[in-house]
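Subject: Structure handover

Hello,

Here is the structure I promised to pass on. Please open it alongside this note. My findings follow below.

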Amino acid sequence: MADEVMQTLYFSPDDSIPMLHSLDYILRSYNGVSAKDGGDGRVSICYSTDHVERAFAGNDTANVDFETRGVLLHELTHAFQLEPQGIGNYGNSPVFWQLIEGMADAVRVMNGGFHGEADRPKGGNYTQGYRHAGYFIAWVTEHIDRNFLWKQYQIAVGDLAKE
């Protein structure tokens with residue numbers, strides 16, 4: 001699955017891909033869905049067993065598998081993302097947050113990690129991050145400019161020389 005994420009985010013191994021030395025995958029009970037922590041090549045992903053239980057409603061193992069794959073696409077994107085430069089950080093910049101979460105959901109959309117139109121938010125706009133931005137980025141990439149995701153990412157991290 002990591003290869004799907006990297007092939008969606010990057011054109012080639014010559015791109016500035018962050019090295020991942022270790023990945024810890026943690027299951028625990030909490031109110032969220034999933035979260036990535038760490039950096040400098042050492043990442044942990046925590047997945048909520050409460051969320052897994054909700055996905056298993058009706059004993060639907062296929063839904064648990066589908067949802068877990070989608071969540072992993074999103075969180076692995078975070079593991080391989082470079083952070084935007086010059087716009088603050090995740091905790092203090094809405095633009096930083098919108099870009100990071102929107103791109104992670106765009107990778108999920110572009111790799112079949114959502115149920116297509118059924119999961120696309122109706123109304124709103126891309127500045128709302130997550131699915132709003134993800135579906136927007138995926139749509140523009142599919143219909144207008146196949147390099148749109150890559151270009152937005154390169155602009156954000158200040159790596160325009162490779163365009």
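How many bridges join strand β1 to β3, and do the two run parallel or antiparallel? There are 7 bridges between β1 (residues 22–28) and β3, and the strands run parallel. Within this pairing, I26 sits opposite C46 of β3. Please bear in mind that the model is predicted.

Strand β3 also pairs with β2. Here 6 bridges link β2 (residues 34–39) to β3, and the strands run antiparallel. D37 stands opposite S44 in β3. The hairpin of β2 and β3 has 2 residues between its strands, and D40 takes a positive phi near 50° there.

Now the helices. Helix α6 (residues 148–157) is mostly covered too, with 7 of its 10 residues buried. Those buried residues are F148, L149, W150, Y153, Q154, A156 and V157. Their cover includes α1 (2–9), α3 (61–80), α4 (94–110) and α5 (130–143).

Last, the core. The largest nonpolar core has 20 residues. V5, L9, M103, I137 and L149 have the most contacts inside it. Two or more residues each come from α1, β3, α3, α4, α5 and α6. Helix α6 gives the largest share, 5 residues. Leaving out residues up to four places away in sequence, I137 touches G102, M103, A106, F148 and L149. As a general point, nonpolar side chains in soluble globular proteins tend to be buried together.

Best wishes

Note on methods:
Residues are numbered from 1 along each chain as its sequence is written. This is a predicted model: local features need pLDDT of at least 70, side-chain atom pairs count only at pLDDT 80 or more; totals for chains, interfaces and linings use all residues. Side-chain values use heavy atoms; hydrogens and water are left out. Two strands pair if DSSP finds at least two bridges between them. Helices (H or I, at least four residues) and strands (E, at least two) are DSSP runs, numbered from the N terminus. Buried means under 20% relative accessible area, exposed over 50%, partly exposed in between (1.4 Å probe, protein chains only). Contact means heavy atoms within 4.5 Å. A nonpolar core is a set of buried Ala, Val, Leu, Ile, Met, Phe, Trp, Tyr and Cys residues joined through side-chain atoms within 4.5 Å.
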